[in-house]
Amino acid sequence: MALPGPEDIYLSTSLASYLDKKLLVLLRDGRKLMGTLRSFDQFANAVLEGACERVIVGDMYCDIPLGLYVIRGENVVLIGELDLQREELPPHMTRVSTEEIKKAQKADRESSDLKGTMRKRMEFLDMDYVYWLFALLDFIGMGVMNIVEISCLILAPGMNTPIKKTLLLNLNKFVRLFLHTPSSSSSS
């Protein structure tokens with residue numbers, strides 16, 4: 001049996017094979033850091049030299065320089081070597097300034113927050129009827145029908161009573177919610 005040689009020491013599970021190479025490090029909070037690995041320890045704490053944070057929003061990106069950067073190992077999700085011979089980003093990506101990417105990040109965050117708020121507001125709706133409510137509210141938005149006409153349409157003959165009741169209840173809740181009108185005492 002032969003003794004292991006120096007090439008066998010650097011197994012794929014060790015960061016030693018990445019020393020002095022340019023890496024991409026994905027952190028738990030979603031940030032992507034790039035830099036040259038200069039040091040590490042048994043806890044995967046790492047020191048990157050010439051580090052930068054790559055921020056991507058839509059088709060825009062920016063590399064924010066960080067300099068010498070210490071990364072706590074418990075925050076590391078993935079470490080991979082960057083191929084210096086390959087183009088890092090698709091050609092449709094546009095490099096922008098730090099200020100522009102921060103504005104885009106803020107707008108993206110606000111948009112996500114708004115979507116979450118809208119989703120929370122709609123949790124009370126019976127999802128089987130959401131499609132019909134949006135269709136009816138589209139008619140209101142286009143000025144084709146008003147709420148009274150829609151209520152009459154729902155109450156028209158041919159629709160069974162439980163569906164009528166649910167549609168009217170949800171339409172009432174939906175309109176009150178998005179018009180921010182206080183709830184009157186409901187009777188059912």
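Strands are DSSP runs of E with at least two residues, numbered from the N terminus, and two strands pair if DSSP finds at least two bridges between them. The model is predicted: local features need pLDDT of at least 70, side-chain atom pairs count only at pLDDT 80 or more, and totals for chains, interfaces and linings use all residues. Residues are numbered from 1 along each chain as its sequence is written, and side-chain values use heavy atoms, with hydrogens and water left out.

**Sheet layout**
- The open sheet has six strands in the order β5-β1-β2-β3-β4-β6, with mixed pairing.
- β5 (76-81) and β6 are the edge strands; each has a single partner strand, so one side of each lacks a neighbour in the sheet.

**Strand pairs**
- β2 (residues 32-40) runs antiparallel to β3, with seven bridges between them, and L37 stands opposite L48 in β3.
- β3 (residues 46-57) and β4 (residues 60-71) are antiparallel and share 10 bridges.
- The β3-β4 hairpin has two residues between its strands, and G58 in the turn has a positive phi of about 65°.
- β4 and β6 (residues 94-95) run parallel and are joined by two bridges; M60 has T94 in β6 as its bridge partner.

**Surroundings of D63**
- D63 lies in β4 and is the bridge partner of R54.
- The side chains of D63 and R54 also make a polar contact at 2.6 Å (a pair of N or O atoms within 3.5 Å, one able to donate a hydrogen and the other to accept it; residues adjacent in sequence count only if both atoms are side-chain atoms).
- D63 is buried at 15% relative accessible area (buried means under 20%, with a 1.4 Å probe and protein chains only).
- Leaving out residues up to four places away in sequence, D63 touches M34, C52, E53, R54 and R95 (contact means heavy atoms within 4.5 Å).

Technical notes
Helix = DSSP H or I, 4+ residues; strand = E, 2+ residues; numbered from the N terminus. Buried < 20%, exposed > 50% of the residue type's maximum accessible area, 1.4 Å probe, protein only.
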